[in-house]
Amino acid sequence: MDEDGALLERLRAGDEQAFVLLVARHHAAMLRLARTFVSSTAEAEDVVQDTWVGVLRGIGGFAGRSSFKTWLLRILV
């Protein structure tokens, strides 16, 4: 299992530190991608925050058929 997979298992078990680590790992890439769709960095930050809310709501539905990063960025888009 890759590092994201291990963190996802911890997150599903309620480990908040796992969420913090996932955010730290993926925030920069998410912000870069979001910035291509909106006109300001502040709006991009909002998009990223909304994406993480979507991740928390949908984590139970992530089946692992793709990488976590692919799933994450698809939610963002």
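Of the 77 residues of the protein, 30% are classed as buried, a term that denotes under 20% relative accessible area, with exposed meaning over 50% and partly exposed the range in between (1.4 Å probe, protein chains only). The model is predicted: local features require a pLDDT of at least 70, side-chain atom pairs count only at pLDDT 80 or more, and totals for chains, interfaces and linings use all residues. Residues are numbered from 1 along each chain as its sequence is written, and side-chain values rest on heavy atoms, with hydrogens and water left out.

The secondary structure consists of four helices and zero strands, where helices (H or I, at least four residues) and strands (E, at least two) are DSSP runs numbered from the N terminus. The order of elements from the N terminus is α-α-α-α. The radius of gyration is 12 Å, close to the 11 Å that the globule rule gives for 77 residues, so the protein is as compact as a globular protein of that length; the radius is taken over C-alpha atoms, and the rule is 2.2 Å times the number of residues to the power 0.38. Along the principal axes, the C-alpha atoms fill a box of roughly 35 × 25 × 20 Å. Among contacts (heavy atoms within 4.5 Å) with a separation of 6 or more, 41% involve residues 24 or more positions apart.

Helix 1 spans residues 3-12, and its buried residues are D4, G5, L7, L8 and L11. Viewed down the helix axis, these buried residues fall within an arc of 160°, so they line one face of helix 1; the arc is that of the directions from the helix axis to the C-beta atoms. An α-helix has 3.6 residues a turn, so residues three or four places apart point the same way. The cover over the buried residues of helix 1 includes helix 2 (16-35), helix 3 (41-58) and helix 4 (68-76). Helix 1 is followed by G14, which has a positive phi, near 95°.

H26 lies in helix 2 and, at 5% relative accessibility, counts as buried. Apart from its neighbours within four places in sequence, H26 is in contact with D4, W52, F68, K69 and L72. L56 belongs to helix 3 and is partly exposed, at 43% relative accessibility. With neighbours within four places in sequence again left aside, L56 contacts L11 and F19. Between L56 and F37, 19 residues apart in sequence, the C-alpha to C-alpha distance is 22 Å.
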